Amino acid sequence: MAMAPLVKVVLGSIAFGIFWILAVFPAVPFLPIGRTAGSLLGAMLMVAFRVIPPEEAYDAIDLPILGLLFGTMVVSIFLEKADMFKHLGKLLSWKSHGSKDLLLRICLVSAVSSSLFTNDTSCVVLTEFILKLARQNNLPPQPFLLALASSSNIGSAATPIGNPQNLVIAVQSGIPFGKFLAGLFPAVLVGALLNAAILLCYFWKLLSVEKDEEVVSTVSEVVAEDDITLHRFSPATMSHLPSEFGSSHDALGRIQSLSGEFGYVSSVRSRANSVDIDVQNPSSSGIEWLRASNASKETAEVAGTSQKEDGVSSRRVSRTYSNQSHVSRGEPSVLYLDSKENPMERWKIMLWKACVYLVTMGMLVALLMGLDMSWSAITAALALVVLDFKDACPCLDKVSYSLLIFFCGMFITMDGFNKTGIPSALWEFVEPYSRIDRASGIALLALVILVLSNVASNVPTVLLLGGRIAASASLISPAEEMRAWLMLAWVSTVAGNLSLLGSAANLIVCEQARRVQYFAYNLSFFSHLRFGVPSTIVVTGIGLLLVKSY
């Protein structure tokens, strides 16, 4: 592609520069408007500067990607309500023996969950639980937090719904879900095992200090603290970009220059003798809910105390105890009463949860069968809304619409920047040395993707390089074109492990761990970098050898 006129090149570069600054540093003092507004500003400047006509700007918005993103957000919301992530927390501590066993479990659970529910979702849900599990067993938190962040990034590379850049690649390349999974699964499997092995080697002495005793589960305990900060996840927050795309309830503080989509934080007063404690909250990421068999006993004791004090009937207190927060959030009114008192309500809840899991499995089967990914996700989302059989507004309010808007602005900005001819000129210079039919070309291409993914973030990198890499590979063979797309997905995702700022999942783990009361831990930039650099280089290199096209 020839270079555009000089005026268009300069103005397009200015618009792209503003977008890039606000995407990487959303809280810059001279324009602290955030990433979403920065994306729209970049798009508006591209149109105002006549770099791209308004009609072409609308055409640049990729609706299938937005549809797939929206559908998976809604499905994740209902999975959260159905206690899916509570069961993942149980799996971590169930009959775990020693720190090394726990580390391997975290690697496995976070890798699998991130491939199905996105890496950011897994990190938001599991960070606080893992940190408390480590603290209460006198284990060093750093290895487990690094295991969660790095394994979530690696695992998310396996599927098109694992992270946003994979969504873009799957839609633009047209690679079916099954072939995408088959092409990257060997690399993800070996990469996750290598990452776990590197973690064990790196922290072997530190983990060997503690005795290999059975890890005490925190999930069945009600922590008697004056204040507990519960990180209530809005499952719509799928952005792999370090961003502030969360809802207006985001209370993780002004960490826009560091953090990704965290949903919002709800601070709860938690006392052991209070009838208001929400121990059944399925949105908390670190505290297990009381088992149904123990709930009636607990509520009976609370009810008896409350009767003596203020004359409230035990039945009324019991209902308030278990349903207070769920009704306020528009979630299912789960009455955790004795099965003899209200067995029908318990069966309804169990049936509803089973339906949520079945619909989710149906969506995954549809994706594996090669059906349209966007409409499969949207269909599953609407099926869950109908099954919920109530006003969908409380659930749909959790969708991160600001993330969808950010993508719209980014599509227009990237299309405008491509029309300046600058990316094509740079690629024409690099392309002869980065062909994927030779080892040196693959190494150079991987290096370029690694650097750009950490400088400009991975989604913009995919939008800038994806079509060009595929076009170059298509000159070799169609199979090599598919392999090029899969290599781009692999490298741009694993690149997030290089530094703390390379992935929103890293930042979610860092910020959540730092803000957990009584159990807080600060994962520093350099402590992550010392592990991230060797792990990223080894995992990326070995994984590239295993990426196949089918």
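Which helix gives the largest share of the nonpolar patch? Helix 10 does, with 4 residues.

1. **Basis.** This is a predicted model; local features need pLDDT of at least 70, side-chain atom pairs count only at pLDDT 80 or more, and totals for chains, interfaces and linings use all residues. Residues are numbered from 1 along each chain as its sequence is written, and side-chain values use heavy atoms, without hydrogens or water.

2. **Overall fold.** The chain has 23 helices and 2 strands (DSSP runs numbered from the N terminus: H or I of at least four residues for helices, E of at least two for strands). Of its 550 residues, 58% are buried (under 20% relative accessible area; exposed is over 50%, partly exposed in between; 1.4 Å probe, protein chains only). Take contacts (heavy atoms within 4.5 Å) between residues at least 6 apart in sequence: 77% of them join residues at least 24 apart.

3. **Surface.** The accessible surface is about 22200 Å², and carbon and sulfur atoms hold 66% of it (Shrake-Rupley method, 1.4 Å probe; for residues, only the protein chains shown count as cover). Phe185, Leu189, Val190, Leu193, Val538, Ile542 and Leu545 make a nonpolar patch of about 610 Å². Patch residues have over 30% relative accessible area and no salt bridge; nonpolar side chains (Val, Leu, Ile, Met, Phe, Trp, Tyr) are joined within 5 Å, like charges within 9 Å. Helix 10 (177-202) and helix 23 (525-546) each give two or more residues to the patch. Ile542 sits in helix 23 and is partly exposed, at 34% relative accessible area.

4. **Salt bridges across the sequence.** The structure holds 7 salt bridges (a side-chain nitrogen of Lys or Arg within 4 Å of a carboxyl oxygen of Asp or Glu). Glu56 pairs with Lys419, closest N and O atoms 3.1 Å apart. Helix 3 (residues 54-60) carries Glu56 and helix 17 (residues 401-419) carries Lys419, 363 residues apart. Glu56 is partly exposed at 33%; Lys419 is partly exposed at 28%. Lys353 pairs with Asp83 at 2.7 Å. Lys353 is in helix 14 (residues 343-368) and Asp83 in the loop between helix 4 (63-81) and helix 5 (84-93), so the bridge ties parts 270 residues apart in sequence. Lys353 is buried at 16%, and Asp83 is buried at 3%.

5. **A pair within one helix.** Arg483 bridges to Glu480 at 3.1 Å. They are 3 residues apart in helix 21 (residues 478-494), about one helical turn.

6. **Asp120.** Asp120 lies in helix 7 (residues 119-136). Asp120 is buried but has no salt bridge; Arg35, the nearest side chain of opposite charge, is 11 Å away. The Asp120 side chain does reach the backbone nitrogen of Ala505, at 3.5 Å.

Terms used
Lys and Arg count as positive and Asp and Glu as negative; His and the chain ends are not counted. A polar contact is a pair of N or O atoms within 3.5 Å; within protein, one must be able to donate a hydrogen and the other to accept it, and residues adjacent in sequence count only if both atoms are side-chain atoms.
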